[in-house]
Structure formats: C-alpha cells, structure tokens
Amino acid sequence: MGAGGTPHVQKLARCLGALLAGLAAVLLATPAVAQGSGETIHGTLTYQDAPVAGVTITVSSADGEEIGVAQTAADGTWEVPVPGPGDYTVVLDAATLPSTAPGVARDTIETTVNSQQRKVVLFRVGPPESGEDQPSPEQTSPPGEGGEDQPPGDGSAEAEAGEDVTATAGNNQLLQLFISGLRFGLILGLAGLGLSLVFGTTGLTNFAHGELLLFGAVAALLINQAGVPILLAVLLATLLSAVFGWGQDRGFWRPLRKKPTGLIALMIISIGVSLFLRYLTQFIIGGGRETYDQYTYQDPVEIGPVFITPRDLVIMGICVALLAAVALALTRTRMGKATRAVADNPALAAASGINVDRVITVVWTAGTALAGLSGIFFGMIQGVDYLMGMRILLLVFAATILGGLGTAWGAMVGALVVGVFIEVSAYVVPSELKTAGVLVVLILILLVRPQGILGRRERVG
C-alpha cells in the first residue's frame with residue numbers, strides 16, 4: 001500500500017505526531033486512577049542459587065483485604081496481579097518452605113506499587129532475623145532489585161519492565177527485555193496493521209481502534225467464562241470481531257461515506273464510538289481486571305540465556321504467521337492488489353472496475369479481526385479491563401505513524417520498533433518515561449523523514 005507520500009498526508013502525520021506527544025504529556029502528568037492498568041507484584045524465590053518451588057505467597061491491600069495468592073513455580077518465580085497502584089502487604093508462608101530451606105529472613109514485606117508497574121518483591125531465604133534487627137522491605141531485596149529509586153542499569157529495570165520478564169542480570173537481562181519487546185511488538189503489529197489498512201483505503205483516522213482490541217478481548221473473556229475452553233473462545237471471538245468490523249462498515253461507516261461526510265467529522269464520530277464502546281464494556285464486565293481461565297500464568301522455559309513461557313512462544317508464532325500471510329495476500333492475491341489500488345487512488349480504482357465499497361468492507365472485516373485477536377493476546381498477558389484499548393491506542397498510532405501512515409509494511413516495522421524500544425529502554429530509564437521516549441523518537445524521525453520509515457514521498461500510480 002502506498003499511501004503516505006502526499007504533502008497532505010505528511011502534514012497529517014506531523015499533526016498526529018504532535019497530538020500524540022501532547023496526549024502522552026497529559027497522561028504522564030495525570031495522577032494514577034484506581035483502575036488497574038497492568039500492575040503486578042512478582043519475584044523469584046531462591047536459596048543458594050537454586051529455585052525454591054511450591055511456596056505460598058499472599059498479597060493483601062493496605063486495609064487487610066486479600067488480593068491474591070500465588071505459589072512459586074519450578075523456577076522459583078511467582079506473580080500476583082493487583083487491582084491498581086497503592087500500598088500492599090506481601091506475606092510468605094514459612095510453613096510451606098521445603099525442609100532444605102532454613103527459613104526466611106523476613107516473611108512480611110510492605111511495598112508500594114506505582115501506575116503500570118510490575119513491582120519486584122524478593123524474600124531472602126535464610127535463618128530468621130531477630131525482631132529488633134529486621135531489615136526494612138528495601139533491604140530485604142538484593143541491591144538494585146527491590147527498591148523504586150535504584151539508578152538505571154543496575155537491575156532496577158526489572159521492577160518496571162515488560163509483563164513477563166524474569167529476573168536476570170547484565171546482558172541476559174537486556175536480552176530478556178529484547179525478547180519481551182519483540183513479543184509486544186508482534187502483537188502491536190497485528191493491531192497497527194488493521195488501523196493502517198483502514199486509513200490507507202478510507203483516509204479515516206479511527207480513534208475507536210483501541211476499542212476493537214477491547215471487543216476481541218472481552219468477547220473471548222465472556223465466552224471463556226461461559227465454560228468454553230480458551231482456545232475455542234479465541235477462535236470464536238476472532239470471528240465475532242470480524243463480524244463486528246463488517247457490521248460497523250455496513251451499518252454506519254459506508255452510509256457516512258456516501259453522504260459524503262468529511263474526514264474530520266468521521267474522526268470525531270470515531271471518538272464518540274470509542275467512548276460508547278469503552279463505557280459499555282465497563283457496564284458489562286465492571287471496572288476491575290478479569291483474566292482468562294487458562295494460559296494466564298505459566299512456568300517459563302529456559303531457551304539459551306532467556307526464559308519465556310510456552311504461551312508467549314505460541315503467540316509470537318501466530319503473530320509472525322499472520323503478518324506474513326497478510327503481506328503475501330497484499331502482493332499475491334486479487335483482493336490484495338485491489339486493496340493497494342484503492343489505497344493509492346480510489347477514483348482510478350473504481351474507474352478500472354474495482355468495487356471500492358467491497359474492498360473497504362473486506363478491509364474493515366479483516367482489520368477488526370486482527371485487532372480483536374491482538375486484544376485477546378494482550379488480555380492473556382496483562383488481563384482484561386475496560387481501559388486496555390485506550391492505553392494501547394497511543395502506541396498503535398505511534399507505530400503506524402513511525403512506520404509510515406497508511407502503509408501495511410510500515411505498520412509492521414513501526415510496531416516492532418516501538419515494542420522493542422519500550423521494553424529495552426526500561427534497562428536505562430524509569431518505566432514512567434518509556435512511552436514518552438517512544439514519542440520523542442517518533443517526533444525526531446518525522447522531522448527527518450515526515451512520511452515515516454517506509455512511507456513514500458509520492459504515490460505510484
């Protein structure tokens with residue numbers, strides 16, 4: 001697809017880049033809300049460099065309400081999602097320690113979780129210490145891994161980095177962050193591909209695209225909660241997302257195009273659709289975080305110097321296969337070639353005998369299916385809540401603009417760049433600045449290359 005080269009599109013790309021930077025500044029300056037947005041408490045329990053498995057760890061809120069219970073896995077890792085930022089108490093049940101462990105230095109740790117933070121809490125297995133000499137929670141963790149104010153590069157990145165990063169050190173930690181970023185970028189690529197296809201064929205900047213991800217995640221959640229196995233629920237939810245995309249185009253986007261309605265008006269309508277779907281979802285599933293019944297937590301497997309769960313390997317494989325399939329479809333099939341022709345020049349495509357409305361409907365159907373599937377994958381990793389679409393939308397826009405607005409290839413490349421940059425940057429900067437860092441890079445690239453990485457300066461007829 002070759003949209004993204006005209007002066008009009010270049011100007012739009014600059015405007016959207018500035019808008020995204022402004023939104024990021026507002027989000028960073030806004031106090032954390034009560035709803036969860038990816039916060040968890042996790043750690044790794046070891047004794048004499050060997051993992052300790054089967055130990056029960058309980059997380060409670062500041063007022064004593066139990067939040068969740070986890071058991072350490074075979075590699076000693078554990079994780080408990082929390083409903084949002086705040087103060088929490090983490091308790092290790094010393095009675096569940098194996099006979100080979102002499103005890104735990106401190107079985108209760110109080111910690112504070114910030115917005116979108118995966119807080120590391122590490123218990124030191126060893127002889128219990130006397131009450132008057134007990135270390136503080138920060139001292140309980142090895143230097144550079146437990147506290148919030150450690151300098152970058154000494155291990156603190158793990159406390160706030162990607163969702164499933166296993167505690168490692170040095171180059172291994174950097175490689176682990178890269179793998180986490182690659183997974184994030186591939187999932188983001190599915191979402192960005194749908195957004196870019198719709199923009200390329202219709203010119204619509206769809207601010208409701210985040211809620212298309214949310215639709216797929218919630219559909220899979222409700223089907224799964226009805227007793228359907230998660231794998232079948234994923235297939236059904238993806239089909240429902242495709243039907244939802246088809247219905248959107250046939251129900252109101254096509255009639256609005258026939259009016260005709262200006263692109264600015266369509267963009268404002270998409271914002272209204274986004275708000276409607278977001279708060280309808282809150283009405284249906286509530287304001288908390290929900291998880292699927294299967295494949296939410298898995299023991300990671302060791303592949304060389306990194307750890308990764310089988311679930312993440314499957315997700316990455318599916319994403320690669322789908323992105324390759326779309327790339328082949330756009331270049332080898334009649335519908336793909338027609339899609340590129342409509343993106344390049346709708347009037348000329350129509351004069352050549354191409355059914356433009358049919359192509360746009362297919363794009364809406366396929367794009368929404370891809371977005372819904374990416375939402376399901378994000379839900380498996382982070383949990384499902386009604387704000388997840390809004391959080392991801394900013395990064396989807398950044399990826400598509402960075403790669404080249406309206407180009408399918410650009411969306412793929414931009415998503416990988418954004419995903420890897422976000423996770424790897426946690427190695428050297430606080431997690432609160434990760435998104436802002438991506439947008440700074442976006443602005444710098446647009447200043448040098450306004451059409452994006454793979455965008456073209458002029459159309460190819």
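The side chains of D249 and R257 meet in a salt bridge with an N to O distance of 2.9 Å, where a salt bridge is a side-chain nitrogen of Lys or Arg within 4 Å of a carboxyl oxygen of Asp or Glu. D249 is buried, at 0% relative accessible area, whereas R257 is partly exposed, at 22%. Buried stands for under 20% relative accessible area, exposed for over 50%, and partly exposed for values in between (1.4 Å probe, protein chains only). The model is a predicted one, in which local features need pLDDT of at least 70 and side-chain atom pairs count only at pLDDT 80 or more, while totals for chains, interfaces and linings use all residues. Residues are numbered from 1 along each chain as its sequence is written, and side-chain values use heavy atoms, with hydrogens and water left out.

In the whole structure, seven salt bridges are found. One of them joins D312 to R183, with the closest N and O atoms 2.8 Å apart. This pair links distant parts of the chain, since D312 is in helix α7 (residues 310-332) and R183 in helix α3, 129 residues apart. Helices (H or I, at least four residues) and strands (E, at least two) are DSSP runs, numbered from the N terminus. D312 counts as buried at 3% relative accessibility, and R183 counts as buried at 3%. A further salt bridge is formed by the side chains of D385 and R289 (3.4 Å, N to O). D385 lies in the loop between α10 and α11 (388-403) and R289 in the loop between α6 and β10 (301-303), so this pair ties together parts that are 96 residues apart in sequence. D385 and R289 are both buried. Through shared partners, salt bridges join R183, R311 and D312 into one network.

The protein has 13 helices and 11 strands, and 53% of its 461 residues count as buried. In soluble globular proteins, nonpolar side chains tend to be buried together. A nonpolar core is taken as a set of buried Ala, Val, Leu, Ile, Met, Phe, Trp, Tyr and Cys residues joined through side-chain atoms within 4.5 Å. The largest nonpolar core has 79 residues, and L188 and Y292 have the most contacts inside it. Helix α10 (residues 356-382) gives the most to this core, with 13 residues. Beyond its neighbours within four places in sequence, Y292 is in contact (heavy atoms within 4.5 Å) with residues including A217, L221, I376 and M380. A second, separate core of 21 residues includes V55, V80, L92 and V104.

Aromatic rings of Phe, Tyr and Trp (its six-membered ring) pair if their centres lie within 6.5 Å; planes under 30 degrees apart count as stacked, over 60 as edge-to-face and the rest as tilted. By this rule there are six aromatic pairs. The rings of F184 and F378 have centres 5.5 Å apart and planes at 65°, so this pair is edge-to-face. F184 lies in helix α3 (residues 170-202) and F378 in helix α10, so the pair ties together parts 194 residues apart in sequence. Both F184 and F378 are buried. For F215 and F244, the ring centres are 4.3 Å apart and the planes are at 10°, so the pair is stacked. F215 is in helix α4 (residues 209-225) and F244 in helix α5 (residues 230-258). F215 counts as partly exposed, at 26% relative accessibility. F252, W253 and W364 form one aromatic cluster.
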